[in-house]
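The report below is meant to be read with the sequence and the structure in view.

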Amino acid sequence: MKKRLRQLRQNFPLIAAIAFSYCFFGLLGLKLAVLPGDVTAVWIPAGIALGAVLIWGKKIWPGIILGSFSISLVFNPTPISLAIGAVTSVGNTLTPLFGAFFIKRFTHSRYPFHRAIQVFHFVGWGAIAAQ
């Protein structure tokens with residue numbers, strides 16, 4: 001237990017930075033939607049989350065879930081919206097975790113740009129995982 005708490009304290013700046021960037025780019029994406037607050041064509045935080053998990057591993061998942069929930073908290077803090085935001089946050093956290101797992105599994109690397117086939121696997125699995 002003490003080891004996990006110490007790791008959390010060591011990773012706190014990284015987790016906070018990921019949460020802030022996820023929330024910032026999520027709010028920016030919602031503001032730039034065709035109809036403000038509506039669905040966006042490109043969700044930049046999905047790529048940020050996938051890239052963060054590929055670089056730093058699964059230890060940064062709290063930053064993704066906090067950043068995703070913060071979007072709901074800032075954008076529309078009604079009780080129903082917060083409930084939907086909590087469920088969406090879980091999905092937004094699991095997606096890059098599974099995406100990174102599949103990318104590592106099928107490219108056999110955390111940096112899959114050494115061979116052409118690895119690039120194609122990365123793009124394919126990354127597109128599927130990042131939605």
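What follows describes some helices, their packing and a few single residues.

The model is a predicted one, and every value given here is computed from it.

**Two pairs of packed helices**

Two packed helices are described by the angle between their axes and the distance between the axes. The table sets out these values for two pairs.

| Pair | Angle between axes | Distance between axes |
|---|---|---|
| α1 (residues 2-31) and α3 (residues 61-75) | roughly 40 degrees | within 7 Å |
| α2 (residues 44-56) and α4 | about 55 degrees | 9 Å |

The crossing angle of roughly 40 degrees between α1 and α3 makes α1 oblique to α3, and the crossing of these helices is right-handed. On the side of α1, the contact involves I15, I18, A19, Y22, C23, G26, L27, L30 and K31, which meet P62, G63, I64, L66, G67, S68, S70, I71, V74 and F75 in α3. Sorted by class, the contact of α1 with α3 consists of 13 nonpolar, five polar and one charged residues.

For α2 and α4, which pack at an angle of about 55 degrees with their axes 9 Å apart, the arrangement is again described as oblique, and the crossing of α2 and α4 is right-handed. Here A49, L50, V53 and L54 of α2 make the contact with P96, L97, G99, A100, I103 and K104 of α4. By class, the contact of α2 with α4 has eight nonpolar, one polar and one charged residues.

Helix α2 has 13 residues, and the distance from its first C-alpha to its last is 18 Å, close to the 18 Å expected at 1.5 Å a residue. The buried residues of this helix are P45, A46, A49, L50, A52, V53 and L54, and just after α2 comes G57, which takes a positive phi of about 90 degrees.

Helix α4 (residues 79-107) has 29 residues, which at 1.5 Å a residue should span 42 Å, and the 42 Å between its end C-alpha atoms agrees with this. Buried residues in α4 include S81, G85, S89, N92, T93 and T95, as well as P96, G99, A100, I103 and T107. Just after α4, H108 takes a positive phi of about 60 degrees.

In sequence K58 and A86 are 28 residues apart, while in space their C-alpha atoms are 19 Å apart.

G63, by contrast, lies in helix α3, and its relative accessibility of 0% means that G63 counts as buried. Not counting residues up to four places away in sequence, G63 touches I15, I18 and A19, which are also listed among the α1 residues that meet α3. G63 and G126 are 63 residues apart in sequence, and their C-alpha atoms are 20 Å apart in space.

S72 is also placed in helix α3, and with a relative accessible area of 15% S72 is buried, since buried means under 20%. Leaving aside its neighbours within four places in sequence, S72 is in contact with P77, S81, L82 and G85; of these, S81 and G85 are among the buried residues of α4.

Technical notes: Residues numbered from 1 in each chain as written. Predicted model: local features only at pLDDT ≥ 70, side-chain atom pairs only at ≥ 80, totals over all residues. Heavy atoms only, no water. Axes fitted to C-alpha atoms, helices over the stretch in contact; angles between N-to-C directions. Helix = DSSP H or I, 4+ residues; strand = E, 2+ residues; numbered from the N terminus. Parallel < 35°, antiparallel > 145°, perpendicular 65-115°, else oblique. Left-handed = near helix turned anticlockwise from the far one by under 90°. Contact = heavy atoms within 4.5 Å. Nonpolar A, V, L, I, M, F, W, Y, C, P; charged D, E, K, R; others polar. Expected span 1.5 Å × (residues − 1). Buried < 20%, exposed > 50% of the residue type's maximum accessible area, 1.4 Å probe, protein only.
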